[in-house]
Amino acid sequence: MSQRIFVAAIFCITLCTTPLFAVAQQDNDHQIDKTQAANKARKQVNGRVLKVDQQSDRYRVKVLKKSGRVISVDVDKRSGKVNQTNKKDNNR
């Protein structure tokens, strides 16, 4: 009798927690990777990517512009939105 209860409990735990793992995996599937972040930053700034650093919720991408300036941009991992972090070179 106790063996049946144990098996039923394991079954319920497995059944109840599986959707949580599936949701967590699904969230990771919607994130962009380093290559995609580099491409988005390169297109936005119109330059050559020098470095991509991964952070918890974004990528920090350093891009060399044709003017010779290095610009850092943040690319959000989930949305792919590019935000320039230093505004010194907006006119060039």
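Begin by selecting strands S1 and S2, which run antiparallel and are joined by seven bridges; strands here are DSSP runs (E, at least two residues), as helices are (H or I, at least four), numbered from the N terminus, and two strands count as paired if DSSP finds at least two bridges between them. This is a predicted model, in which local features need pLDDT of at least 70 and side-chain atom pairs count only at pLDDT 80 or more, while totals for chains, interfaces and linings use all residues. Residues are numbered from 1 along each chain as its sequence is written, and side-chain values use heavy atoms, with hydrogens and water left out.

**The sheet**

Within this pair, pick Gly47, whose bridge partner in S2 is Lys65. Then widen the selection to the open sheet of four strands, which has the order S1-S2-S3-S4 with antiparallel pairing. Strand S1 (47-54) and S4 stand at the edges with a single partner strand each, so one side of each is left without a neighbour in the sheet. From one strand to the next, the twist averages 30°.

**The helix across the sheet**

**The nonpolar core**

Select Ala41, Tyr59, Val61, Val73 and Val75, which, of the 13 residues in the largest nonpolar core, touch the most other members. Such a core is a set of buried Ala, Val, Leu, Ile, Met, Phe, Trp, Tyr and Cys residues joined through side-chain atoms within 4.5 Å, where buried means under 20% relative accessible area, exposed over 50%, and partly exposed in between (1.4 Å probe, protein chains only). Helix H2 (34-45), strand S2 (58-65) and strand S3 (70-76) each supply at least two residues of this core, and H2 gives the most, with four residues. Centre the view on Ala41: leaving aside neighbours within four places in sequence, Ala41 is in contact (heavy atoms within 4.5 Å) with Asn46, Val61, Val63, Val73, Val75 and Val82.

**The charged residues**

Turn now to the salt bridges, each a side-chain nitrogen of Lys or Arg within 4 Å of a carboxyl oxygen of Asp or Glu; by this rule the count comes to four. One of them joins the side chains of Asp53 and Lys51 (4.0 Å, N to O), and both ends are partly exposed, Asp53 with a relative accessible area of 28% and Lys51 at 44%.

Move to Arg58, which is partly exposed at 27% and whose side chain meets that of Asp57 in a salt bridge (3.4 Å, N to O); Asp57 is partly exposed at 42%. Arg58 also forms a salt bridge with Asp74, with the closest N and O atoms 3.4 Å apart. This pair links distant parts of the chain, Arg58 in strand S2 and Asp74 in strand S3, 16 residues apart. Asp74 is buried, with a relative accessible area of 12%. Selecting Asp57, Arg58, Arg60 and Asp74 together shows one network, joined by salt bridges that share partners.

Finish at Lys81, in the loop between S3 and strand S4 (82-84), which counts as exposed at 53% relative accessibility. Leaving aside neighbours within four places in sequence, Lys81 is in contact with Asp74, Val75 and Asp76. Lys81 and Arg58 are 23 residues apart in sequence and 9.5 Å apart in space, C-alpha to C-alpha.

Key: Axes fitted to C-alpha atoms, helices over the stretch in contact; angles between N-to-C directions.
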